[in-house]
Amino acid sequence: MYSYPYDAVLFDLDGTLTNSEQGIIQSMLYALEQVGAKVPAGVNMRCVIGPPLMESLMGILGLPCEQAREAIGHYSRHFNREGMYQYTVYPHIRSILQMLRDGGVYVALATSKPVLPAMAVLNHFGLTHFFNRIITEEDNEKIVNKPELIRRALPERFGHAAMVGDRFYDVEGALQNHIDAIGAGYGFGTEDELLKAGATHVVPDTEALRAFLCPGATVPRGFFLSVEGLDGSGKTTQVDRLEKSLKEYGFSVLRTREPGGCPISEEIRHTILTTEHMEMCAPCEALLYAAARAQHVCEVIRPAVERGMLVLCDRFVDSSIAYQGGGRELGTDVVRQINAPAVGEMLPDATVYLNVDYRQALSRRHSASSLDRIEVESGEFHARVQAAYEELIHNDPKRFLVIDGQQDADTVAADVLDAVLNRLEPEIED
Ligand code: TMP
């Protein structure tokens with residue numbers, strides 16, 4: 001049994017939940033350029049992350065009031081158009097918010113961002129639903145400042161509360177409200193700045209933040225996502241892009257592949273795929289894929305899902321059913337049986353299938369790099385693989401996210417991300 005140290009936790013946004021460095025600095029540089037102003041010598045642009053905009057423009061960048069007002073208009077337009085999309089959610093933040101909520105802790109946001117951009121960022125990343133209360137500045141000019149924002153964000157009654165933030169404003173605001181101040185040392189302030197302001201505790205990263213806020217708690221089970229498709233379906237490119245996007249949304253992604261993913265299974269991969277072993281019989285091939293999978297599940301996939309990671313796996317047991325069951329004509333049941341001890345209960349929670357006709361996939365593949373022992377197989381072999389995939393999808397339509405892989409790569413990437421986010425976090429608006 002564990003108990004959390006706080007029954008109310010308040011968070012700052014920029015530099016605490018989200019890494020907003022590029023989004024804010026680029027929007028600020030754009031605004032300065034539009035009003036013909038320059039960054040004063042010796043000013044580190046990271047200092048503009050955290051304070052209200054007017055304070056950054058006038059106090060830090062030295063603009064007169066009228067010019068600062070004009071700059072805000074340019075800043076906001078750039079922010080809405082581009083800046084917001086350059087944000088990323090820090091790793092583990094999603095699980096911290098989830099664990100606090102599951103533990104019955106009151107969770108609130110207290111940010112100096114005005115309501116419109118703050119809500120746009122929270123909605124874009126699907127974070128809004130984690131908060132009991134969201135307190136922002138009303139707009140760029142009516143500033144009530146951090147201590148008052150924190151006061152408004154606190155619940156009517158609480159036992160032990162803390163504010164988590166990355167700048168001295170957050171620490172001072174917390175102390176003025178007589179609550180603990182936890183410094184997010186990974187954000188835009190320095191540890192020195194946070195300690196000097198009186199932080200109760202400074203965490204170096206979000207993993208330490210999780211351990212501090214939720215000591216002893218079990219991290220909720222992660223998610224197992226596999227990606228399937230014929231050779232030449234563009235799978236590897238799409239897995240690269242999906243991995244990058246999911247990390248930007250703050251998911252703790254572990255990317256891996258089959259056959260392979262750990263030393264023993266990578267060695268088996270080489271044995272299976274090399275064209276030196278053209279004599280390999282179909283049962284041997286199926287058993288080797290299953291052997292590689294057994295080690296991969298045991299050493300990589302299961303522990304990562306149990307640690308709360310999102311495992312993104314390029315191919316899994318569906319590939320064996322399609323290629324060895326269908327392509328090699330061993331039959332679906334035999335291949336399932338061979339794989340039962342390897343897979344156990346570790347079936348994917350969702351599977352992206354990149355749907356490309358085998359003729360098109362093969363012509364793409366043949367124009368690419370050197371071919372392995374499976375890719376050199378005939379058109380009929382790949383037609384059987386495709387038919388087996390279609391049957392798998394037909395029998396398990398809930399698990400499969402079927403994406404038209406014949407579109408251009410950008411459209412496919414957008415469709416894949418959309419379908420996956422929809423499955424992972426229906427609250428995300430994209
Ligand atoms: P890859 O090119 O996607 O890395 O996959 C390697 C090849 O192995 C590909 O042609 C598909 C094949 N394969 C199977 O035949 N059965 C399996 O279980 C797996 C995982 C892959």
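Tutor: Happy to! Keep in mind that this is a predicted model. Strand β4 (residues 106-114) and strand β5 (residues 133-137) run parallel, and four bridges join them. To get from β4 to β5, the chain passes through helix α5 (residues 115-124), making a β-α-β crossover that is right-handed.

The space it takes is the largest pocket. The elements that give two or more residues to the shell around the ligand are α11 (263-273), α12 (282-306) and α13 (317-327). Of these, α13 gives the most, with four residues. There are 14 residues around the ligand, and those that come nearest are Asp231, Tyr289, Arg315, Ser320 and Gln324.

Tyr289 places a polar side-chain atom 2.8 Å from an oxygen atom of the ligand. For Lys235, an N or O atom of the side chain is 2.9 Å from a ligand oxygen. The side chain of Arg269 likewise has an N or O atom 2.9 Å from an oxygen atom of the ligand. As for cover, the ligand taken alone exposes 480 Å², and the protein buries 93% of that.

Finally, the backbone spots you asked about. Most residues other than glycine have a negative phi, and most peptide bonds are trans. Against that background, the bond joining Glu258 and Pro259 is a cis peptide bond, with omega about -10°. You will find Pro259 in the loop between β10 (253-257) and α11, and α11 is one of the elements that give two or more residues to the ligand's shell. The other spot is His92, a residue other than glycine with a positive phi, near 70°. His92 sits in the loop between β3 (88-89) and α4 (93-102).

Conventions
Residues are numbered from 1 along each chain as its sequence is written. This is a predicted model: local features need pLDDT of at least 70, side-chain atom pairs count only at pLDDT 80 or more; totals for chains, interfaces and linings use all residues. Side-chain values use heavy atoms; hydrogens and water are left out. Two strands pair if DSSP finds at least two bridges between them. A crossover is right-handed if, with the strands pointing away from the viewer, the path from the first strand over the helix to the second runs clockwise. A residue is near a molecule or strand if one of its heavy atoms lies within 4 Å of it. A polar contact is a pair of N or O atoms within 3.5 Å; within protein, one must be able to donate a hydrogen and the other to accept it, and residues adjacent in sequence count only if both atoms are side-chain atoms. Accessible areas come from the Shrake-Rupley method with a 1.4 Å probe; for residues, only the protein chains shown count as cover. On a 1 Å grid over the protein atoms alone, a cavity is a set of points where a 1.4 Å probe fits but cannot get out, and a pocket is an open set with protein on both sides within 12 Å along at least five of seven lines; lining residues have an atom within 4 Å of a point. A molecule sits in a cavity or pocket if more than half of its atoms lie within 2 Å of its grid points.
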